[in-house]
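Keep the sequence and the 3D view open as you read.

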Amino acid sequence: MAQQNDILIRNVRLASMQDNGKPYGLIENASVAISGSKIVGIFGENDTLPEGYDVIDGQGQCLLPGFIDCHTHLVYGGDRATEFEQRLLGQSYADIAKQGGGIRSTVSATRAASTQELLQSALSRARRLAAEGVTTIEVKSGYGLDFDTEIRMLQVAKQLEQHLDVDIMTTYLGAHAVPVEYAQRADDYIQYVCETVMPEIARLGLADAVDVFCESIGFSLEQCTKVFNAAALHGLRVKAHVEQLSDQKGAKLAAQFNALSVDHIEYMAAEDVACLKQSGTVAVMLPGAFYFLNESQLPPIAALRQHGVPMAVATDLNPGSSPLSSILTAMNMACVLFKLTPEEAIRGTTIHAARALGLAECKGKIAVGFDADLCLWNINHPVELVYGINQHRPLKKWYKGRLSTL
Ligand code: DI6
Ligand code: FE
């Protein structure tokens, strides 16, 4: 029996993302029943509809799961516009990082920013994502690097939930860069990450996962192993930035730790891909960074498909390598630059993105028992969302069963 305010969204073309043998898990002339924050029923055109619900007529439009941006760094101070100019004058991203710019310059600006300033700027970025139908955002720390600022970043990320209709998943990315106070002492910094900062973040419940930047300009396999071991000790799942600029074999290491996801992976060797299938790790495509850094090395998409590794797509929203606050543009880029199919791109920001955050049982799919995070779009077919660039906004959005203001 329906409760008061339970709703039935009728007459929609449902891109459910279920594995029902149809592209996008399409169900035509469908209805979706919502009770409280959950989806409680899905009905096809020949099914008898339940009674007692407030009925909303979807007028034949497409209903999709709310999008999930499973990789962002959207809490930060300052910007890197000057660095963008330097790169256009011929310097590389790695050169700028080696000279103490890059991530470290954002670290200075983030440390200097007040918590209120961090919240306001993060809010405007998250609001742009939400306006495109994003209902879950992962946010990483990693621009504070010291104890206080990392904790502040994660607190600010969590606070976004109080201002917007989004779920925030937080990730501790202490091993993002070596801060100036630890210059030439990366191992000591890793010890500080593992023994001082991470235990407190775990104790406060401020992070859902732990991430690392495994790269020649980031951290070595050995250092990342220490971070992963510490995460395991605190019961935190791991994720990893790997093979973005070179093949360090970070993805194989992450798979050994049953990582939720390996992200970027442009330089991952095709023969290493099988290990991701075994560990159930999601491969996260970040075409915004590939585009913005004008890279040419493509991720091993054919091997990922061949091994059935789930591929997610995210914005990587950050000031240095991907100043992109548009999930729909990231999906378009994944198709144009990485040759994902539109269906792969949409599964990549729904069902597979949910898996990359450990949310495969409750988000990213329109199915009974899942969270009622839904968007109604004024389109005939889901492919239109990926085809257009800055063309679409949801007509209506429900977050945990509640109609959300857009
Ligand atoms: N890889 C990235 O693309 C971001 N972090 C990382 O490890 C970029 C970080 C930045 O340049 O500020
Ligand atoms: Fe990133």
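Q: Is E243 buried or exposed, and what is its relative accessible area?
A: This is a predicted model, in which local features need pLDDT of at least 70 and side-chain atom pairs count only at pLDDT 80 or more, while totals for chains, interfaces and linings use all residues. Residues are numbered from 1 along each chain as its sequence is written, chains are lettered from A and ligands numbered from 1 in the order in which they are written, and side-chain values use heavy atoms, with hydrogens and water left out. Buried means under 20% relative accessible area, exposed over 50%, and partly exposed in between, with a 1.4 Å probe and protein chains only. E243 is therefore buried, with a relative accessible area of 1%.

Q: Where is E243 found, and what is its phi?
A: E243 is found in the loop between strand 10 and helix 8 (250–256). Helices (H or I, at least four residues) and strands (E, at least two) are DSSP runs, numbered from the N terminus. E243 is not a glycine, yet its phi is positive, at about 55 degrees.

Q: Is N390 buried or exposed?
A: N390 also is not a glycine and has a positive phi of about 55 degrees. N390 lies in the loop between helix 15 (383–387) and strand 15 (396–399). Its relative accessibility is 55%, so N390 counts as exposed.

Q: Which residues coordinate the iron ion (ligand 2)?
A: Donors are N, O and S atoms within 2.8 Å of the metal (3.2 Å for Na, K and Ca); water is not among the atoms, so sites may look incomplete. Along the chain, the donors of this ion follow the spacing H-x1-H-x167-H-x74-D. At 2.1 to 2.3 Å, the iron ion (ligand 2) is coordinated by H71 (NE2), H73 (NE2), H241 (NE2) and D316 (OD).

Q: How many residues apart are H241 and D316?
A: H241 sits in strand 10 (residues 237–242), and D316 in the loop between strand 13 (311–313) and helix 12 (327–338). H241 and D316 are both buried. The pair links distant parts of the chain, 75 residues apart.

Q: What arrangement do the 4 donor atoms make around the iron ion (ligand 2)?
A: Four donors count as tetrahedral if all angles lie between 85 and 135 degrees. Four count as square planar and six as octahedral if opposite donors are over 155 degrees apart and all others between 65 and 115; anything else is irregular. Here the angles are 82 to 167 degrees, so the arrangement is irregular.

Q: What is the order of the strands in the open sheet of 8 strands?
A: Two strands pair if DSSP finds at least two bridges between them. The edge strands, which pair on one side only, are strand 6 (67–69) and strand 13. The pairing is parallel, and the order is 6-7-8-9-10-11-12-13.

Q: How many residues of strand 8 are buried?
A: Strand 8 (residues 167–175) pairs with strand 9 (residues 209–214) in the parallel sense over 3 bridges. Strand 7 (residues 134–140) and strand 8 are parallel too, over 5 bridges. Strand 8 is mostly covered: the buried residues are 9 of its 9.

Q: Which residue in strand 9 is the bridge partner of Y172?
A: Strand 8, helix 6 (residues 186–204) and strand 9 make a right-handed β-α-β unit. Right-handed means that, with the strands pointing away from the viewer, the path from the first strand over the helix to the second runs clockwise. A175 stands opposite V212 in strand 9. The partner of Y172 is V210.

Q: Which residue in strand 13 is the bridge partner of V284?
A: Strand 12 (residues 282–285) is covered on both faces, with V282 and V284 on one side and A283 and M285 on the other, all buried. 3 bridges join strand 12 to strand 13 in parallel. In strand 13, V284 has as its partner A312.

Q: How many disulfides are there?
A: A disulfide is a pair of cysteine sulfur atoms within 2.5 Å. The closest cysteine sulfur to that of C62 is in C375, 12 Å away, so this is too far for a bond. C335 is in no disulfide, with the nearest cysteine sulfur, that of C70, 15 Å away. The count of disulfides is 0.
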